[in-house]
Amino acid sequence: MTRRDWLCGVAALPAAASAPTGPNVIVVVLDDLGNRDLGFQGAADLKTPNIDALAASGVAFTNWYSNAPVCAPARASIMSGRFPAKAGVPNNGGELTPGIPTLGSVARSRGYRTAAIGKWHLGHSDATYPNGHGFDYFYGFHNGCVDYYSHRFYWGEPKRVNYHDLWRNRDEVFDDGRYLTERITEEAVSFIRREQRNPFLAYVAYNAPHYPMHAPEKYVRRFVHLPLERRIYAAMIAAVDDGVGEIRRVLSETGRLDDTLIFLVGDNGATTEKRAGLNQEYAAAGDNGVYRGFKFSLFDGGMHVPAVMSWPARFRGGVRTGEVVMSMDILPTVCRAIGATASGMDGSDILDVAVGTAKSPHEAIYWNQGGQLAVRKGRWKLVINGRTFDRSPEGSNPLPGDDAMFLSNLESDPQETKNLRRLHPNLADELATLAARWKESLPKP
């Protein structure tokens, strides 16, 4: 059977026409995670043994890009398989367009039980809550961040008062004093156990290591050798790592580990926001490795994120690939794995990339955020009106002069330090034209 025959066969299947035969699916998302801040990514001062084991069981992607350098748009692409603007979430504060296919609705149409656990950040109305987007079960919070112990949103003041934001389905629940990272893990494990006789999809969206910088002492004690800011950050990641270990343990105990497709990705790069730092100074805990820029930036530090795919029944372990892929590829890949139709999506199925039989499906990839525009085609990347959001007052301003159009060869200069636009003016113009045409194709605000 050719790939075309296979896809045509999938397209011909009515929703839930027969008993599901695909794998279980778990999508784990970390929040504001630095590219280097996992053991398998090269972190030497913190430990993530469970995430490292997940990577060793599958495929680690060294050129995985988020679709945005900021939380909500990045998650909209994970959820919908579309560019953020086409999903209704071009910026933080948008709502995922009601009725579009999502991880939840697509899996449920194939007879899967579905859960969204943790951070949502994709809507504040009945139609755009998780239960309105195909998830049978939801436990978590709706906004961009909450206090880890009181589960209150404090960051709207003085425009609006702080408020409690923790929900089970559509009902407010109170778990005051319980560390939210651990609660997310407990809910994920409980869901897996409840559905051990059914195929399931679980979207497990941790809010760590996003501010506020909170961690229980038992995790902090593991990193007493680190400076305070990095210590708390490492402890928050360690709590997630323990959670990933618990999830894999319950899968193993219930005999479902081999036939569970697991994605683990960061939503965007580490932040330098002062509200994540100490003493009103720029945050310094997250490490984006060699990549220039931080959260909010269209230089690679903003959205070149860690990513793993594991499916022991299908993938051999310990593989690393440099093929260029994006977070919007998750849903089309899930569609193929579970036998669903991937309609209206901008992303591509990357199962064959993961098993090593295909190259990147993307001729070019694009971003548009906060007045910045960027495109990567092959080894070349162009950033227009780029901002670095580094630890300086100038970091939030667009680069001036010639650097307002910044052309890099990412193979020889992954740090994006050398602007080659004057050496390759025709290439710069070509990429600028591609980016402009792509931006014009997006829905208007």
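Two strands are taken to pair if DSSP finds at least two bridges between them, and in this predicted model 5 bridges join β15 to strand β16 (residues 372-377), the two running antiparallel. Within this pairing, Gln372 of β16 is the bridge partner of Gln369.

Both strands belong to an open sheet of 4 strands, in which the order is β15-β16-β17-β18 and the pairing is antiparallel. From one strand to the next, the twist averages 10°. Helix α10 (residues 425-441) packs on this sheet, where the helix touches β15, β16, β17 (380-384) and β18, and the direction of α10 makes about 115° with that of β16.

A further packing arrangement involves two helices, α2 (residues 49-56) and α7 (residues 228-253), whose axes come within 7 Å and cross at roughly 50°. Because angles of 65 to 115 degrees count as roughly perpendicular and those under 35 degrees as roughly parallel, α2 and α7 are therefore classed as oblique to each other. On the side of α2, the contact is made by Pro49, Asn50, Ile51, Ala53 and Leu54, whereas α7 contributes Asp241, Asp242, Val244, Gly245, Arg248 and Arg249.

Technical notes. Residues are numbered from 1 along each chain as its sequence is written. This is a predicted model: local features need pLDDT of at least 70, side-chain atom pairs count only at pLDDT 80 or more; totals for chains, interfaces and linings use all residues. Side-chain values use heavy atoms; hydrogens and water are left out. Axes are lines fitted to C-alpha atoms, for helices over the stretch in contact, and angles run from 0 to 180 degrees between N-to-C directions. Angles under 35 degrees count as roughly parallel, over 145 as roughly antiparallel, 65 to 115 as roughly perpendicular and the rest as oblique. Contact means heavy atoms within 4.5 Å.
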